[in-house]
Amino acid sequence: MRERFLIRALFVSMCIVVCCCTVNAQQTAGRVHAIIISGGMNKLMNHERYWNDCAFLYRTLREDYRLSPQDITSLISDGGEPGRDMLLEDGSGFATSPADLDGDGLRDVWLPATLSQVEASLTELAMRLTPQDRLFLFLVDHGDIDDQQQTYACMWGGERLTDTRLAELLDAFHVASMNIVIGMCHSGGFIDDLWRENRIISTSSTGSEPSWACGDRPYDEFVYHWTCAIAGHDPEGNLVTADADGDGFVTMAEAFNYACQHDRREETPQYCSAPTTLGEQWSFSQQRRDGIKDSVISDLYSSRRCYDLQGRIVSTQIETKRKYLKILNAKQSFGLSPIIIIK
């Protein structure tokens with residue numbers, strides 16, 4: 001009897017230890033927090049497709065990856081106010097951009113994408129997230145270059161969020177990793193200022209190129225295909241296969257490769273990952289707990305370098321070479337990665 005009691009007590013103790021370890025692992029794994037920003041500048045320039053880009057992504061994060069609404073911050077044009085702030089894609093006039101992004105009847109947009117509000121939201125979020133958390137930043141907008149050769153995004157009301165200012169705001173974060181996707185003209189110009197260790201950056205074009213809308217649907221070309229890739233389907237529910245290695249997870253490298261290969265416009269998407277393994281392991285899937293496969297990050301990648309998706313260090317190349325690689329991407333089933341430049 002005594003032996004049976006001791007065995008039972010030992011079994012219960014082991015269960016308690018296992019449960020505690022599981023809870024602790026879940027607590028330390030952290031979470032993904034997404035921030036979606038679409039400035040739009042003003043109602044004459046705030047195209048309907050920008051809202052569509054944001055809404056498709058929001059639905060993907062909520063419905064396909066089960067992110068909590070509390071872990072998604074959406075700053076879009078005037079913040080969901082009742083005024084007509086959005087230019088309809090067919091050119092027929094203006095409409096009020098819906099504050100409900102996923103069609104569930106609840107308001108998802110509370111904050112305007114003004115410069116001051118974007119700064120305040122990023123500052124507040126930087127204080128709230130922990131070193132175990134991951135940040136996903138999605139920025140879609142008009143972009144340009146000023147007289148000082150600074151790339152900027154147009155915020156609501158006409159103010160500018162420059163690459164250097166965004167870099168300052170993001171440097172205040174102390175998170176495990178950061179994933180940045182930018183869809184706008186000259187978006188590649190953000191890379192040299194935002195590039196840091198433990199960051200992935202994907203942009204729709206180089207720093208010297210415009211970025212384009214889809215020719216057949218009211219979305220922006222690169223970010224449309226990128227969101228299709230991580231969702232596994234298009235906005236109508238048609239199947240999309242971007243999981244190249246078939247392991248059940250769409251990594252950021254796979255999402256970029258898919259978007260780049262399906263991009264039909266005259267733009268050259270750019271990609272950076274430091275270390276190169278980060279983009280090959282980072283996914284939104286909650287099944288993978290923290291979204292990162294177990295790996296050892298070598299000191300080899302501690303310096304600032306550029307890599308293609310095959311993990312090779314890339315030297316500075318001329319623009320025509322990058323465009324040639326993009327043409328090869330469309331023809332090769334295995335997909336060569338476009339070369340990116342870090343100044």
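1. A word to start with: a residue is called buried under 20% relative accessible area, exposed over 50%, and partly exposed in between, using a 1.4 Å probe and protein chains only. By that scale Asp-216, at 48% relative accessibility, counts as partly exposed. Please keep in mind that this is a predicted model, in which local features need pLDDT of at least 70 and side-chain atom pairs count only at pLDDT 80 or more, while totals for chains, interfaces and linings use all residues. Residues are numbered from 1 along each chain as its sequence is written, and side-chain values use heavy atoms, with hydrogens and water left out.

2. Let us stay with Asp-216 and look at its partner. The side chain of Asp-216 meets that of Arg-264 in a salt bridge (3.0 Å, N to O); the term stands for a side-chain nitrogen of Lys or Arg within 4 Å of a carboxyl oxygen of Asp or Glu. Asp-216 sits in the loop between β10 and α6 (221–231), and Arg-264 in the loop between α7 (252–262) and β11 (270–274), so this pair ties together parts 48 residues apart in sequence. Helices (H or I, at least four residues) and strands (E, at least two) are DSSP runs, numbered from the N terminus. Arg-264 is partly exposed too, at 45% relative accessibility.

3. Side chains of opposite charge can pair when their charged atoms come close. Another example joins Arg-199 and Asp-171, whose closest N and O atoms are 3.1 Å apart. This pair links distant parts of the chain, with Arg-199 in strand β10 (residues 199–203) and Asp-171 in helix α4, 28 residues apart. Is Arg-199 buried or exposed? Arg-199 is buried, with a relative accessible area of 5%, whereas Asp-171 is partly exposed at 37%.

4. Now for helix α4 itself (residues 163–171), where Asp-163, Leu-166, Ala-167, Leu-169 and Leu-170 are buried. Looking down the axis of α4, you find these buried residues within an arc of 165°, so they line one face of the helix. The arc is taken from the directions that run from the helix axis to the C-beta atoms. An α-helix has 3.6 residues a turn, so residues three or four places apart point the same way.

5. The largest nonpolar core is worth a look in your viewer: it has 49 residues, and those with the most contacts inside it are Phe-136, Phe-138, Trp-226, Ile-230 and Phe-284. Such a core is a set of buried Ala, Val, Leu, Ile, Met, Phe, Trp, Tyr and Cys residues joined through side-chain atoms within 4.5 Å. At least two residues of this core come from each of β1 (32–38), α2 (48–64), β2, β5 (134–140), α6 and α7. Another core, of 33 residues, lies apart from it and includes Met-178, Ile-182, Trp-195 and Ala-274.

6. Which residues is Ile-230 in contact with, leaving aside its neighbours within four places in sequence? They are Leu-57, Thr-60, Tyr-65, Val-250, Met-252, Ala-255 and Phe-284, where contact means heavy atoms within 4.5 Å.
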